[in-house]
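My entries follow in the order in which I checked things.

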Amino acid sequence: MSYDTRYYANVTNLALCQKCPRLAFYAIFMKRKTNFVGIQGTGFYGSVFHSKIAARFFDAASDFHSKLNDKIANSLKHGYESFHELIRKDFFFEFVKSEGKNYPSSQIYALAAATETWLKVLWEALSEMPSLMRFPREIMPIVFQKQNSGNMQSSYDLEIDGVQTELTVVGKYDALIFNPDEKQARIFEFKGYKKSDVTVPLTQSVIYAWLVHEKTGIYPEIEIVHLSESENPANIFSSGEVHEMIKSALPNLFETICRMYTLKEIPPKAYDSRLCEQCKYRNFCEAEIELFIRNHENTFDFERKN
Ligand code: SF4
């Protein structure tokens, strides 16, 4: 197929666009930091937890040559206590030993609690796979397929006012596991902030789920893990629910961001007006964006990377 226009969007900006297209405009065109508008807390230790502890686990579990790969297989064979010990010793304490001095003690305590929460959630998911528990060494390569560090990319075709357009979506999920017994997959997203704002991480995960489906043909489940919640930290969405969310949310979202890239119209307001009450742009976003569009019409390249 030949396209008149090609655009690129990353999952973070798409999720922001779902929350408020104008906040996405601010982030993409005006380079403002708008991700945390309306979110309680910073989410900071969620990203530290993911990159320093969880990602190390998933990388080691998917890498046959990693020294930790053997240890993970052994611990799965010996049950929860052994798995618990491994995560604490080889992942959390290792992190504290090598990098702990760079973080305040409050962060280290929060990360310790997050690790405990995560390992319970992870164990629950893994222990649902009898084949993995019986033959960990043989089944681990299927469950933790080499994850390319979570990077994914796919394209979506649409027509904007008669213009054939291709939107390439790129993103990096936190973790993905495959369940060979159920022929199912599950995406994990780790969040450092409270459950009260579930919409944003969910949108993000729905886009990852679409990317996984484009690549594998499977609609994965989504598990959002709220690391700071000790009671019921996980929200799980079934494959069927995820399929419905993809169908109902993504076509509009992809069109909205492509229309934004044309720099011809002011993007719509936030879908939930309560967000505007917490937003510092509330008295002038329309005027400011209109002025920016007027000053920059025809000066941006049509094909954008962000
Ligand atoms: S005030 Fe509302 S519409 Fe305007 S940028 Fe903020 S959240 Fe979006």
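Entry 1, cover of α2. I looked up what lies over the buried residues of α2, and the cover includes α1 (11-19), α10 (239-261) and α12 (285-296). I took helices (H or I, at least four residues) and strands (E, at least two) as DSSP runs, numbered from the N terminus. I called a residue buried if 20 or more other C-beta atoms lie within 10 Å of its own, exposed if 12 or fewer, and partly exposed in between, with C-beta atoms placed from the backbone. I counted two residues as in contact if their C-beta atoms, placed from the backbone, lie within 7 Å. Helix α2 (residues 21-30) is mostly covered, with seven of its ten residues buried. The buried ones in α2 are P21, R22, L23, A24, F25, Y26 and I28. Just after α2, I noted that K31 has a positive phi of about 55°.

Residues are numbered from 1 along each chain as its sequence is written. The pLDDT is the predictor's confidence in each residue, from 0 to 100. The protein chain averages a pLDDT of 88, and 90% of the residues score at least 70. Confidence in the protein chain is lowest in helix α3 (residues 44-62), at a mean of 85, and highest in helix α7 (residues 130-134), at 96. I kept one reminder for myself: where pLDDT is low, the predicted coordinates should not be read in detail.

I listed twelve helices and seven strands in the protein chain. The C-alpha trace spans about 65 × 45 × 30 Å along its principal axes. The radius of gyration, taken over C-alpha atoms, was set against a globule rule of 2.2 Å times the number of residues to the power 0.38. For 306 residues a compact globule would come near 19 Å, and the protein chain has 21 Å, which agrees. Buried residues make up 37% of the 306 residues. Of the contacts between residues at least 6 apart in sequence, 68% join residues at least 24 apart.

Strands pair if DSSP finds at least two bridges between them. Three strands form an open sheet in the order β1-β3-β2, with mixed pairing. The edge strands are β1 (5-10) and β2 (151-160), each pairing on one side only. β1 runs parallel to strand β3 (residues 163-172), and six bridges join them. Y7 stands opposite L167 in β3. For directions I used axes that are lines fitted to C-alpha atoms, for helices over the stretch in contact, with angles from 0 to 180 degrees between N-to-C directions. α1 lies across β1 and β3 and runs at about 90° to β1. α10 lies across β1, β2 and β3, at about 75° to β2.

β4 and strand β5 (residues 184-191) pair in the antiparallel sense over five bridges, and A175 has F188 in β5 as its bridge partner. β5 and β6 pair in the parallel sense over six bridges, and F190 stands opposite V225 in β6. β6 and β7 run antiparallel, joined by four bridges, and I222 has F237 in β7 as its bridge partner.

Entry 6, β6. Is β6 enclosed or open? Six of its six residues are buried, so β6 is largely enclosed by the rest of the structure. E221, E223 and V225 point one way from β6, I222, I224 and H226 the other way, and all are buried. In a regular strand the side chains alternate between the two faces of the sheet.

I took a nonpolar core as a set of buried Ala, Val, Leu, Ile, Met, Phe, Trp, Tyr and Cys residues joined through C-beta atoms within 7 Å. The largest one has 77 residues, of which L14, A24, I207, A209 and I257 touch the most other members. Setting aside neighbours within four places in sequence, A209 is in contact with I187, Y219, P220, I222, V242 and I246.

Notes: Predicted model: local features only at pLDDT ≥ 70, side-chain atom pairs only at ≥ 80, totals over all residues.
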